[in-house]
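Reader: I'd like to go through the charged pairs and then one of the pockets. Can you put the model up?

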Amino acid sequence: MSRSVQVRVPATSANLGPGFDTLGLALSVYDELIVTELPEPGLEITVSGEGAGEVPTDASHLVVRAMAYAYEAFGRTMPGLRLEAVNAIPHGRGMGSSGAAVVSGLLAAKGLLAGDVEIGAEALLRLATELEGHPDNVAPALFGGLTIAWVDEHGPQHKKLLVHRGVAPLVFVPDFTMSTSVARGFDPLQVTREDAIFNLSRSALLVAALTQSPDLLLAATEDKLHQSYRAQAMVETDRLVRALRAEGFAAVVSGAGPSVLVLADGPGQRLAAARIAADITDTPWDARMLAVDVRGGMVRDHTEGSTPL
């Protein structure tokens, strides 16, 4: 009987304002897939939902590339595969779709190799970071919650924190996209000492605000390292962020954008924020009232008659 696994991975929002390339948050939007071993070499890929008809359905598919990377890393030959993907994470909107695809592929490999190779959390984060280039999105996708990610002489590291139950995420998703590489092209190579100190203080405060004191979220989400520089490439995003912050909402660019993340101090705030976005008529914003995902990516055996991993 061919082995099959089911994978579910959450969306993420990185940076969260001042925590550039360091802080990330897992959100309750999920990509799901079923990956089944085939008796013969080859690939069968079907995609529904986000990216259907746009993402490749061959070996260049990011989930397949991540799986192949894991198999090669552990000296195993990847079998033929059937991949059935149901995507809910918007592509190119700053919600971690590429990181989710990488994590999905690695978790699928973990599930299919279980009993032969045991791939632990440290290895998953290392492989995901090698593929994605930085750990700020893949860490929350793997582990859930609020994550602080960094790289030291031992490789990528993370610390997961539980978010205060009063924090209510809201994401405004536009109908246009933004390339992460293009967005990064606007970042300066050097910043002033004052701006660096400013962001250090806000990043430290943001950890406290998200875990203990949501009333501090507006001050804690101020940023001087990247958002203002990227504003010229995302005029409508910048306009919405400014409008929301002027009304007291902790609004930031979600990841590389162009989506806008609001870290509301309680669910009731989100309705007021949505009304402000609705009044900005140049761009239709899809307001998604979400929760913080606390579990992160999951894989279970999907083979008929199996028990969860």
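Author: Here it is; note that the model is predicted. To begin, R288 and D286 form a salt bridge, with the closest N and O atoms 3.0 Å apart.

Reader: Is D286 buried, partly exposed or exposed?

Author: D286 is partly exposed, at 37% relative accessibility.

Reader: How many salt bridges does the structure hold?

Author: Eight salt bridges. One of them joins D301 to R3, where the closest N and O atoms are 3.8 Å apart. That pair links distant parts of the chain: D301 is in strand β11 (residues 298-301), while R3 is in the segment before β1 (4-14), 298 residues apart.

Reader: Why does D301 count as buried?

Author: Because its relative accessibility is 11%, and buried means under 20%. R3, at 21%, counts as partly exposed.

Reader: And E130, which residue does that pair with?

Author: E130 forms a salt bridge with R126, the closest N and O atoms being 3.4 Å apart. Both lie in helix α3 (residues 121-132), four residues apart, which is about one turn of the helix. E130 is partly exposed at 42%, and R126 is partly exposed at 34%.

Reader: Switching to the second largest pocket. What lines it?

Author: There are 16 lining residues, and V55, H61, L62, H91 and A101 lie nearest the centre. The space in this pocket is about 290 Å³.

Reader: Which element gives the largest share of that lining?

Author: α2, with four residues. β2 (23-38), α1 (62-73), β4 (80-87) and α2 (97-113) each supply at least two.

Reader: How does the lining split by class?

Author: Seven nonpolar, seven polar and two charged residues.

Notes: Residues are numbered from 1 along each chain as its sequence is written. This is a predicted model: local features need pLDDT of at least 70, side-chain atom pairs count only at pLDDT 80 or more; totals for chains, interfaces and linings use all residues. Side-chain values use heavy atoms; hydrogens and water are left out. On a 1 Å grid over the protein atoms alone, a cavity is a set of points where a 1.4 Å probe fits but cannot get out, and a pocket is an open set with protein on both sides within 12 Å along at least five of seven lines; lining residues have an atom within 4 Å of a point. Grid points are joined across faces, edges and corners, and a volume is the space filled by probe spheres set on the points. Ala, Val, Leu, Ile, Met, Phe, Trp, Tyr, Cys and Pro count as nonpolar, Asp, Glu, Lys and Arg as charged, and the others, Gly among them, as polar. A salt bridge is a side-chain nitrogen of Lys or Arg within 4 Å of a carboxyl oxygen of Asp or Glu. Buried means under 20% relative accessible area, exposed over 50%, partly exposed in between (1.4 Å probe, protein chains only).
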